[in-house]
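Here is a short report on one protein model. Please look at the sequence and the structure below, then read on section by section.

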Amino acid sequence: MNTINPFESAMTQLQNAYSILQKAESKEQRAKRELKNKIEILKSPQREVHVNIPVRMDDGRMRFFQGYRVQYNNARGPYKGGIRYHHNVNLSEVKALAFWMAMKCAVADLPLGGGKGGIVVDPKTLSQKELERLSRGYARAIADCIGPDKDVPAPDVNTNGVIMGWMTDEFIKASMRQRVNVSAKEKEALRATFTGKAIADGGSEGREEATGLGGLFVLQAILKKLKADSGKLKANLTVAVMGFGNVGYNMVKFLVNAGFVVIAVSDSKGGIHVPSGVNPLLTLACKKKNGYLAGCYCSGSVCDLSKGRPISQEALLELPVDILIPAALENVITKQNAPKIKAKVILEMANGPTTPEADEILVKRGITVVPDILANSGGVTVSAFEWEQNLKGEHWTKDQVNKKLKKKMQLASDAVWDASQSLSTSLRTAAFVVALGRILKAMK
Ligand code: NAD
């Protein structure tokens with residue numbers, strides 16, 4: 001059982017960035033007290049909403065579910081962040097995730113703030129109808145505090161485009177009850193309240209793959225800098241990826257297309273190690289057929305048992321690869337395994353995969369950790385594109401979306417890299433410094 005409080009981890013990161021900013025500020029003779037006050041503001045969310053959602057179950061009983069929406073900071077624009085369905089959802093976790101969203105949107109330089117929501121529920125225990133009633137109930141309960149210019153939710157763990165579609169529909173109905181003379185165009189723009197929708201409901205091209213593709217663009221940008229710096233990385237880089245869901249699968253697909261050799265992947269039931277390199281499409285097909293990855297060793301064009309072997313989650317993290325990509329859960333790189341990690345670069349595609357203690361160990365060991373708020377910001381970037389398209393009544397092609405995504409990821413990577421060089425600090429602290437600098441400027 002993981003006992004690390006995610007909000008405390010988030011506040012440690014804020015404090016580290018503040019220490020660096022404080023030094024930079026004193027050099028420029030700025031008012032330190034003003035900075036301190038603004039940092040105090042960022043130590044708590046602007047608003048925490050707690051809702052009780054009554055749901056009629058299929059057998060006629062009523063059940064009551066607890067839900068949250070945390071609106072952390074909107075200095076740069078409407079709050080933005082996903083809605084998570086999980087039995088472990090709690091206020092501390094939602095607050096930490098909302099804080100990280102504020103930082104992530106600022107690193108990617110999006111005109112958005114940070115928020116997050118969640119419902120305490122194991123969605124696998126609900127029927128489809130019960131899931132729909134719960135989702136619509138949550139949308140009604142938070143309808144007053146969301147909207148295209150207030151707060152723009154999206155999918156997160158265990159929520160998806162279908163759920164966003166139900167919520168959008170319910171939100172529009174709730175809004176219509178309170179307004180008169182709303183034009184069809186205005187009604188359409190209300191779709192911008194939720195992102196991650198299906199294309200038919202106003203979703204964006206490229207959103208599903210965006211986090212993985214954005215991760216590739218960030219990785220390529222950072223590798224370019226590292227090679228120029230030290231020449232320590234070679235061609236045909238090897239990669240191990242923990243997690244084979246939306247982010248993990250797309251990441252593997254784009255990496256393989258770009259010439260990387262992905263030698264190990266895992267899911268919740270176990271992992272596979274294929275030294276000659278996995279074939280993402282075949283591996284996905286095997287996972288769909290079997291329901292899990294272990295026992296499938298897909299390389300080349302066939303599922304070939306002679307080319308691979310099963311591997312545990314722990315062993316995957318410690319493989320002698322060039323790049324390690326945690327793309328599943330939080331707190332998987334700990335002070336216990338950090339000393340044993342052999343990768344030269346860690347690309348954090350999951351949110352919060354490294355504990356603060358492990359982070360210190362990795363920095364001391366000279367391992368480059370590309371932080372989550374930069375590495376996985378491609379998802380929220382295309383969400384922001386979806387919001388923009390809905391507001392403008394436009395629909396961009398996948399090619400347009402991916403070109404804009406590439407540019408945003410390159411600019412964000414450059415800003416974080418430059419800050420880490422000029423302040424002689426890790427990429428994580430540099431990312432927080434860049435984000436904080438932008439948020440503080442907007443607060444002013
Ligand atoms: P997902 O539910 O689609 O996939 C999660 C994957 O992790 C699954 O393959 C699951 O089997 C695997 N997994 C679970 N426990 C594991 C374990 N112990 N070891 C190895 N694998 C395990 O979720 P996702 O959307 O791919 O999100 C993954 C991570 O990326 C999360 O931390 C999420 O917050 C973060 N993230 C996702 C997006 C997005 O656009 N989907 C954007 C930013 C960040």
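## Strand β7 and its partners

Strand β7 is mostly covered. Six of its seven residues are buried. The strand spans residues 261–267, and this is a predicted model.

β7 pairs with strand β6, which covers residues 238–242. The two are parallel, with five bridges between them. Within this pairing, Val241 stands opposite Val265 of β7. β7 also pairs with β8, this time in the antiparallel sense and over four bridges. Here Asp267 faces Gly270 of β8. A hairpin of two residues links β7 to β8.

Besides β7, with its four bridges, β8 pairs with strand β11, residues 309–311. Three bridges join β8 and β11, and the two strands run antiparallel. Ile272 has Pro310 of β11 as its bridge partner.

## Helices α8 and α9

Two packed helices are described by the angle and the distance between their axes. Helix α8 holds residues 246–257, and helix α9 holds residues 280–290. Their axes come within 9 Å and cross at roughly 155°. The cut-off for roughly antiparallel is an angle over 145 degrees. α8 and α9 are therefore roughly antiparallel to each other.

Which residues of α8 meet α9? They are Tyr249, Val252, Lys253 and Val256. On the α9 side, the residues are Pro280, Leu281 and Leu284. The contact of α8 with α9 counts six nonpolar residues, no polar ones and one charged.

## The five-stranded sheet

Strands of a sheet pair through backbone hydrogen bonds, either parallel or antiparallel. Another part of the model holds an open sheet of five strands. Their order is β1-β2-β4-β3-β5, and the pairing is mixed. β1 (47–56) and β5 (151–155) stand at the edges. Each has a single partner strand, so one side of each has no neighbour in the sheet. From one strand to the next, the twist averages 25°.

Gly81 has Pro153 of β5 as its bridge partner. A helix, α4 (residues 128–142), lies across β1, β2, β3 and β4. α4 runs at about 140° to β1.

Asp109 has a phi near 60°, a positive value in a residue other than glycine. Is Asp109 buried, exposed or partly exposed? Its relative accessibility is 39%, so Asp109 counts as partly exposed.

Leu110 also sits in the loop between α3 and β4. Leu110 is buried, with a relative accessible area of 1%. Leaving out residues up to four places away in sequence, Leu110 touches Arg76, Cys105, Val380, Thr381, Ala384 and Lys408. Gly77 is 33 residues from Leu110 in sequence. In space, the two are 8.4 Å apart, C-alpha to C-alpha.

Asn331 is buried, with a relative accessible area of 15%.

## Helices α14 and α15

Helix α14 spans residues 398–422, and helix α15 spans residues 427–443. Their axes come within 8 Å and cross at roughly 110°. The two helices are therefore roughly perpendicular to each other. Their crossing is right-handed.

From α14, the contact uses Ala415, Val416, Trp417, Ala419 and Ser420. From α15, it uses Leu427, Ala430, Ala431, Val434 and Arg438. How do the residues of this contact divide into nonpolar, polar and charged? Eight are nonpolar, one is polar and one is charged.

Note on methods: Residues are numbered from 1 along each chain as its sequence is written. This is a predicted model: local features need pLDDT of at least 70, side-chain atom pairs count only at pLDDT 80 or more; totals for chains, interfaces and linings use all residues. Side-chain values use heavy atoms; hydrogens and water are left out. Axes are lines fitted to C-alpha atoms, for helices over the stretch in contact, and angles run from 0 to 180 degrees between N-to-C directions. Angles under 35 degrees count as roughly parallel, over 145 as roughly antiparallel, 65 to 115 as roughly perpendicular and the rest as oblique. A crossing is left-handed if the near helix is turned anticlockwise from the far one by less than a right angle, and right-handed if clockwise. Contact means heavy atoms within 4.5 Å. Ala, Val, Leu, Ile, Met, Phe, Trp, Tyr, Cys and Pro count as nonpolar, Asp, Glu, Lys and Arg as charged, and the others, Gly among them, as polar. Buried means under 20% relative accessible area, exposed over 50%, partly exposed in between (1.4 Å probe, protein chains only). Two strands pair if DSSP finds at least two bridges between them.
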